[in-house]
Amino acid sequence: MDSSLASVLLAPLSLALLGVCVGSFLNVVIHRLPLMLEMGWRQESADLLGVKVDASLDEVTLSKPRSRCPYCKHAIRWHENVPVLSYLLLKGRCASCSHRISPRYPLIEILTGLLFGLIGWRFGSTPTALLWCGFAAVLVALAGIDWDTTLLPDNMTLPLLWAGLMASALGWTIELPQALWGAIAGYLSLWSIYWIFKLATGKEGMGFGDFKLLAATGAWLGIKMLLPIVLAASLIGAVVGIAMKMSAALREGRYVPFGPFLAGAALVVMLAGEGRVLNWLGWT
């Protein structure tokens, strides 16, 4: 690719516009991937039990069925699905029944666009910036899914882990020993905390998906960044959890998922850079 063309296509503004479009797709992933997993589990259970799954249930994939209003079933037309802009023109309501559309859809689009733009500013107009954009997009999707369902799907966390190790091995990100030990320490650290907490209280404090997510972020950001990520995620998660408990937004017996805070902390660390994070903590 010509360097002048690359500087335009990979400029922060261009990446921000790309991010807004990717954010629209991430909304689909966040909503539909848990449904797809549920369908797969139902089919596996039916096969084990030797029973048939209800054939009347619609198959859900990332591409079908066509997006519809959940209230009036109005099929969303292309001009009603333009990221952010359509939401503003429709004033946040369905074009058919005028029911309110969740503001989360444009917020995720804007968030992803902002992250892509900041990555372009942080890493410059290079192919490496696209790599980190992919990292950010997966974390946004995982955060949304975990917040909705308290699930961190293996078919996202494990590819993210292997992609981090491969990118390191190819010399695109951090040094391979840092990535390898980051993945190992990321998994084992939360695994150890899980078992200590369970043996002490008889309860599960987190899910296995959290181990894999921290391992994946360790593969991308290195072992030195694990403690800052966990500290930031724990602090913010505790504050949010207490606030939700006090406002009765958190139902009895439920808990605040840890994954969104791990993902958010990893994104902040990535954008800040290792040197700045260590300097903040006084570890340099």
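Leaving aside neighbours within four places in sequence, with which residues is Asn27 in contact? In this predicted model, the partners of Asn27 are Arg104, Tyr105, Ile108 and Glu109. Asn27 itself belongs to helix H2, which covers residues 12–49. The relative accessibility of Asn27 is 7%. The cut-off for a buried residue is under 20%, so Asn27 counts as buried.

The overall fold is helical. Eleven helices and zero strands were assigned to the protein. Read from the N terminus, the order of elements is α-α-α-α-α-α-α-α-α-α-α. The radius of gyration is 21 Å. A compact globule of 284 residues would have a value near 19 Å, so the model agrees with that expectation. The C-alpha trace spans about 60 × 60 × 45 Å along its principal axes.

Contacts were then considered by sequence separation. Among contacts with a separation of 6 or more, 68% link residues 24 or more positions apart. Of the 284 residues in the protein, 39% are buried. The accessible surface comes to about 16,200 Å². Carbon and sulfur atoms hold 67% of that surface. Charged side chains number 21 positive and 17 negative. The centres of these two sets lie 8 Å apart.

The nonpolar interior was examined next. In soluble globular proteins, nonpolar side chains tend to be buried together. Here the largest nonpolar core has 61 residues. The residues with the most contacts inside this core are Ile119, Phe135, Leu139, Leu221, Ile229, Leu262 and Met270. Helix H5, residues 127–149, supplies the largest share of the core, with twelve residues. Ile119 illustrates the packing.

Asp210 sits in helix H8, which runs over residues 208–221. Its relative accessible area is 6%, so Asp210 is buried. With neighbours within four places in sequence left aside, Asp210 is in contact with Asp146, Leu152, Leu190, Phe258, Gly259 and Leu262. Asp146 falls within the residue range of helix H5.

The peptide bond that joins Lys64 and Pro65 is cis, with omega at about -5 degrees. Lys73 is placed in the loop between H2 and H3 as well. Its phi is positive, about 65 degrees, although Lys73 is not a glycine. The relative accessible area of Lys73 is 51%. The cut-off for an exposed residue is over 50%, so Lys73 is exposed. Val84 also has its place in the loop between H2 and H3. Phi of Val84 is near 65 degrees, again a positive value in a residue other than glycine.

Conventions. Residues are numbered from 1 along each chain as its sequence is written. This is a predicted model: local features need pLDDT of at least 70, side-chain atom pairs count only at pLDDT 80 or more; totals for chains, interfaces and linings use all residues. Side-chain values use heavy atoms; hydrogens and water are left out. Helices (H or I, at least four residues) and strands (E, at least two) are DSSP runs, numbered from the N terminus. The radius of gyration is taken over C-alpha atoms; the globule rule is 2.2 Å times the number of residues to the power 0.38. Buried means under 20% relative accessible area, exposed over 50%, partly exposed in between (1.4 Å probe, protein chains only). Contact means heavy atoms within 4.5 Å. Accessible areas come from the Shrake-Rupley method with a 1.4 Å probe; for residues, only the protein chains shown count as cover. Lys and Arg count as positive and Asp and Glu as negative; His and the chain ends are not counted. The place of a charge is taken as NZ of Lys, CZ of Arg, CG of Asp or CD of Glu. A nonpolar core is a set of buried Ala, Val, Leu, Ile, Met, Phe, Trp, Tyr and Cys residues joined through side-chain atoms within 4.5 Å.
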